[in-house]
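Open the model in your viewer and keep the selection tool at hand. The tour goes from stop to stop, saying what to select and what is found there.

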Amino acid sequence: MPLIAIEGLHKRFGSNEVLKGIDLGIEAGEVVAIIGKSGSGKSTLLRCMNGLEAYQAGKITVEGTPVTQDETDLRHLRLRVGMIFQQFNLFPHLTAGRNVMLAPMIVKGTAEAEARTIAAKVLERVGLGQKFDAFPDQLSGGQQQRVAIARALAMEPRALLCDEITSALDPELVNEVLQVVKGLAQDGMTLAMVTHEMRFARDVCDRVIFMHLGKVHEIGPPSEVFSNPRTPELQQFLGQLH
Amino acid sequence: MAYQFDFVDVFKYTDVLAKGIAFTVTLIGVGGTLGIAVGIFGAWARGYSRMKWLDWTVGAYVELVRNTPFLIQLFFIFFGLPSLGVKLTELQAALIAMVFNLGAYSTEIIRAGIEAVPRGQLEAGASLAMSRLQVFKHVVLRPALQKIWPALTSQLVIVMFGSAVCSQIAVEELTFAANFIQSRNFRAFEVYFIATGLYLVLAILLRQGMRGLGNWLVFGRRSP
Ligand SMILES: Nc1ncnc2c1ncn2[C@@H]1O[C@H](COP(=O)(O)OP(=O)(O)O)[C@@H](O)[C@H]1O
Ligand SMILES: [Mg+2]
């Protein structure tokens, strides 16, 4: 049984059908890259996986538990599946350390001292041990995104969903974030990441999913998908990148 | 013969003025604090509660207050409610009217601040397994208040000036005091000149106070 199992997923915004029947399983410890043109439904797929979007048909389960829109179920789900966004979304009124401490304290009831220890540890893990007391606007984009990763890690999720987490960064800052993600992958974290970093996908991911017009158009190990694209759509997509 | 100014005639009534200031400060202090609390609740109810009836009720309340004169609200509470068996002292009625009035205006002001908080912040909170109420309390409220703090301050000053209307039900606030002194010594110019000056000082102090409070509670970069 995959950690995240998706069957026949359909999602519409009004009359615009964005996901047209997705079947996908992500195993524990697996690192999956989701690639595809803008508008192909990559973000929507990730957002459905942690309940930020409701869906009309199909089924998503995480560790066997269905993803619904019931608030209690959602919170239970999100304890196991974290998400990192393109825009970092740090809480601007809190320090880096407090950004990380907040959810463990109010969601899990972790005592402040322990939350502080956890925050220091995860910030260290993303290379920002020194930035505990810095406010988001005092950090570079790359540092902010690493704090966002630390913030998600502090909840000890089983899987992380990453939606173009380096797309808002200046090119020279992309690598520091990817290095952190690579570290997580090596530590066995389950990752589903929408990305345009093809080299990263090739080097780090176990499988690559090419989305096209709301469907999983091609799927396979990076060696196959990148070296041997079977469909003209993927060939064209990869061709545009070079 | 030119009018002879005589301020000494007013200073005889310093105790009346002092009492007036005390009442005005009470009205704006208590009314302001509770009014803003109502505003925070109202903003939550309208934007976050997901309870249709509550959203609707608060919406109706806001429209009622914003589309009727404060004086009539005050008269209704003081003169009207006793018919329903609710008897209030002048001060109680005035405070309720102030809270009722400011609550509605600050509901709308705070709601605007809440709507200005980027959606991504809310989603980040939600994706960390926070409940909607936790997101509101810990993620949304402070940045929202930061955005609208100047507008809220202005509204408080307006409401403080509005408190002058409470003299109409014999709450002995500053305007009441001025009217009272003027009716005794007929020194209208002097009395209202001084009253104007006192309101000016109170307004400046209120703005300063709100700045201090804001720096401490809302903008404060405390790291705890
Ligand atoms: N909240 C929304 N409301 C309406 N349409 C949306 C919304 N979010 C995304 N869409 C539409 O869904 C389609 C897929 O979007 P998205 O999942 O963001 O694609 P991708 O991440 O692959 O670029 C697009 O056509 C987009 O306009
Ligand atoms: Mg997207």
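Begin in chain A, in the loop between β7 (159–163) and α6, and select A:Glu164 there. The model is a predicted one, and the angles and distances below are computed from it. Is A:Glu164 buried or exposed? It counts as buried, because its relative accessibility is 15% and the cut-off for buried is under 20%. Now check the backbone: A:Glu164 has a positive phi of about 45°, although it is not a glycine. Most residues other than glycine have a negative phi.

**Next stop: helix α6 of chain A**

Select residues 171–186 of chain A, which form helix α6. The helix has 16 residues and reaches 23 Å from its first C-alpha to its last, close to the 22 Å expected at 1.5 Å a residue.

Colour the buried residues of α6(A): A:Leu173, A:Val174, A:Val177, A:Leu178, A:Val180, A:Val181, A:Leu184 and A:Ala185. Turn the view to look down the axis of α6(A); the buried residues fall within an arc of 155°, so they line one face of the helix. Then look at the other side of α6(A), where A:Glu172 and A:Gln186 are exposed.

**Next stop: ligand 1**

Select ligand 1 and show the residues around it, among them A:Phe13, A:Asn16, A:Val18 and A:Lys37. The shell also includes A:Ser38, A:Gly39 and A:Lys42. By type, the shell divides into 2 nonpolar, 7 polar and 2 charged residues.

Which elements supply at least two residues of this shell each? They are β2 (16–26) and α1 (42–49) of chain A. Of the shell, α1(A) gives the most, with 3 residues.

Now display distances from the oxygen atoms of the ligand:

- In the side chain of A:Thr44, an N or O atom is 2.5 Å from an oxygen atom of ligand 1.
- At A:Gly41, a polar backbone atom is 3.0 Å from an oxygen atom of ligand 1.
- At A:Ser40, a backbone N or O atom lies 3.2 Å from an oxygen atom of ligand 1.

Taken alone, ligand 1 exposes 560 Å², and the protein buries 60% of that.

**Last stop: chain B**

Move to the loop between α7 (132–162) and α8 (174–185) of chain B and select B:Ala170. Phi of B:Ala170 is near 65°, a positive value in a residue other than glycine. With a relative accessibility of 37%, B:Ala170 counts as partly exposed.

Key:
Residues numbered from 1 in each chain as written. Chains lettered and ligands numbered in written order. Predicted model: local features only at pLDDT ≥ 70, side-chain atom pairs only at ≥ 80, totals over all residues. Heavy atoms only, no water. Near = heavy atom within 4 Å. Polar contact = N/O pair within 3.5 Å; in protein donor to acceptor, adjacent residues only side chain to side chain. Areas by Shrake-Rupley, 256 points an atom, 1.4 Å probe, with all protein chains shown as cover. Helix = DSSP H or I, 4+ residues; strand = E, 2+ residues; numbered from the N terminus. Nonpolar A, V, L, I, M, F, W, Y, C, P; charged D, E, K, R; others polar. Expected span 1.5 Å × (residues − 1). Buried < 20%, exposed > 50% of the residue type's maximum accessible area, 1.4 Å probe, protein only. Arc of directions from axis to C-beta.
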